[in-house]
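Hi,

Here is the structure I promised to pass on. Have a look at it first, and my notes on the aromatic rings follow below.

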Amino acid sequence: MSHAVARKPHKHIPYDEDDDNDGDARPQWRRRLVTAVLALAALGLGFLIPYTLYLNHEVSERFGQLQWQIPTRVYARPLVLEPGLALDAATLKTELDAAAYHAGDGLAAGTYARDGSRWRISSRGFNDVDGAVPARRLELALSGGRVSRLRELDAAGEPGSAVKRARLDPARIATLYGQKQEERRLIRISDVPELLVTGLQAVEDRDFAHHHGIDVGGMLRAAWVNLRSGRARQGASTLTQQLARSGLLGIGREQTFTRKGKEILYALLIEARYEKGTILEAYLNQVYLGQRGAQAIHGVAAGAEFWFGRDLKSLSTEQIALLVGIVKGPSAYDPRRYPQAALERRNFVLGEMHETGLIDEAEYKRALAAPLGISDSPGSLSANRFPAYVELIRRQLARDYPADALSGAGLSVMSGMSPSAQAYAEAAVARTLKSLDNKRRPPLEAGLVVTDVHNGDVVALVGSREFTAHGFNRAIEAQRPVGSLLKPFVNLLALAQPGRWSLASWVDDSPVTVTLGRGKSWSPGNSDGRSHGMVRLIDALARSYNQATVRIGMEIAPERLAGLLKTLAGIEAEPNPALILGSTDQSPYAMAQLYQFLASGGEIQPLHAVRGVLDAGGKALNRYDKVPAPAQEGDAVAARLITLALQQAVSSGTGRQLISDGLGHLSPAGKTGTSNDDRDSWFAGWTGDHLAVVWVGNDQNKATGLQGATGAMRVWSNIFRHLPSATLTVGDDGLDWQWVVGSNSTDAGCPEARRFAFVAGFAPEYAPCTLPEPEPEVDEGRRSWRDWFGFGRDRDEPEQTPREAPAP
């Protein structure tokens, strides 16, 4: 059988140009119209098919990989709680507030409750440099400025077993954005409260589970309503369409038919390629929920932090309703700017939740009566609150991360900052400089570094009296003459030769002249303009005598001092005689690194602002908090001796004002420093937990009229009046304490005897005490003429035996 199709014969219709041919015109125009329509359709399909394929590729590339720009977040160190920790109520609250804890029952995650000295704290789990740290419910008691008790709590708040050590999740202190100022925290849909997921659909897209990306019926209804009203009153975009136009796929927000068509095509393609759960999860991470300056808040997790200062899981019903309500218009329903509009929108959402059975009548009424629950200030940081500290972080990460590798990379930088120490340091600078300001001196500036003496963490750093200002960071960039801050290291080198030097060694503090060569000489004097003759080494250091220090320094050689500075802090200094008295320009950070050796008890501890860097999944990429090697025995002993001398500097030397300030209970060690003409005021001091190095001066390099004790030390004092810290105790390992008279050891009760610490095995030879002959007793009944005329000793006057003040 043939498959050929029979064709009808073609009838030729002659064309007569003189004939109007009205009967044949209509079929001819119809053919032309059909041809045009088919041509347009073909053209449309020819464009639409490739365009759809292109959009499908875009969906696969952008949506499928979910490659959002996630900001890198910088965190403070977690607060480590343990019995015996120096901590008071004010400092604990400062730490909790910084970490966005809220007053509550102390059982819900991220809340605390206080009852006198007893605190209940419910921490949130987090990732630290050593792995995941689980959430815990804790009870702690404070007593005498310390943690006296730490126990676990059960779900009902009943105390359980004692806890040796616990970490609270850290405060977020900065955010490093990429090219886009977008705040976003990715979250799995399984971690989103169910009421938020279902409530969002109830309000924004009830047919989400059933449609294929667009709601045709809804679009027609919206078009009819808008047509009757003469303006756009109602929209009909599904959640999928909202996701498509939200910026995830690069669609603009202009109201055009082209944009709407592109949005519809994207929505259809997304629905064809992905499961509903995947689409909803993307929406929850992308939805726009607010703005703070240049920073856009995207995603429900970031929204919960921004508006409520809370973790998403801890939101109440009314807070969830408000978050859902804000979706419609973050500007129009901004609860901080327009609380009434936000309240009405929240109550509308609660009504939708109640109508669809998501909440019962009792919860609906309770939530309606509840306040908005907005935090006083945005929980997300739009700007870097601590520019000086973050600058130090960037510098320390520079060798492992290029300049722009951190911004927008979704990393977590775990720093060593203590929010309370930072707050106290900033307040001390502000308070002290304000009190020192006057018209006779240029405006004062300051730079300071506070460290943890146990591990080298930089817990606070201030680079300017304007703490939030970006710019010159005096803590790490200012290079200023350090003055007497180097004297302890001159003496450290001397004491490293215990056969030659000790704290009890006699040093000549008479005028001294040092030959410099080329016919030049150097004759430094003491700051008080006097010479003090033969003095003990410990006194020369505690009272900062220049002449005695130069004699010691010239004997040990400036070259050895320069070498020590290089070894301990990487300081490059000219090994000339003037180095002995601090003729080198250094930053507060460099001096903190130098003094960390003494404060740590002789350990080589590299200072670090960064403890570690975690990837987006919480896995450690790099760690910088390595435990320092124990101090070598000789270093530890020499550091103890210098610490004893600088404790005397505080108790009775240049730093004695600290005792008057009420800081004697800390037994701090410290050294003042002043440059020529009182241009620079320095103080370096430490306790059992913290070292702080402070510089005060001005950017014009002009005289301030301030010495170390009257400028920088006042800032130091203002910090440690508030910062809880342990008392500084010096161990006796490697030391031999002896009572000394002259150059010999002797008995404790010997007149003029003074107690000194020596390197074990190097105490001076013993010489028995020779007591003075006692005066003969006078018979009360037989008094001489000298007694009658007042030449006898007044029996009520205490005996004035000259005695050197005992060392601490």
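Are Trp-716 and Phe-720 buried or exposed? Trp-716 is buried, and Phe-720 is buried too (buried is under 20% relative accessible area, exposed over 50% and partly exposed in between, with a 1.4 Å probe and protein chains only).

Before the rest, a word on the basis: this is a predicted model, where local features need pLDDT of at least 70 and side-chain atom pairs count only at pLDDT 80 or more, while totals for chains, interfaces and linings use all residues. Residues are numbered from 1 along each chain as its sequence is written, and side-chain values use heavy atoms, leaving out hydrogens and water.

The structure holds 6 aromatic pairs (rings of Phe, Tyr and Trp, the last by its six-membered ring, with centres within 6.5 Å; planes under 30 degrees apart are stacked, over 60 edge-to-face, the rest tilted). One of them is Phe-683 with Trp-716, edge-to-face at 5.5 Å centre to centre and 75° between the planes. That pair links distant parts of the chain, 33 residues apart: Phe-683 is in strand S28 (residues 681-686) and Trp-716 in helix H21 (residues 712-720). Helices (H or I, at least four residues) and strands (E, at least two) are DSSP runs, numbered from the N terminus. Phe-683 has a relative accessible area of 1%, and Trp-716 has 0%.

Trp-716 also pairs with Phe-720: the centres are 4.1 Å apart and the planes at 25°, so this pair is stacked. The two sit 4 residues apart in helix H21, about one helical turn.

Elsewhere, ring pairs link Phe-489, Tyr-595 and Trp-686 into a cluster.

Cheers
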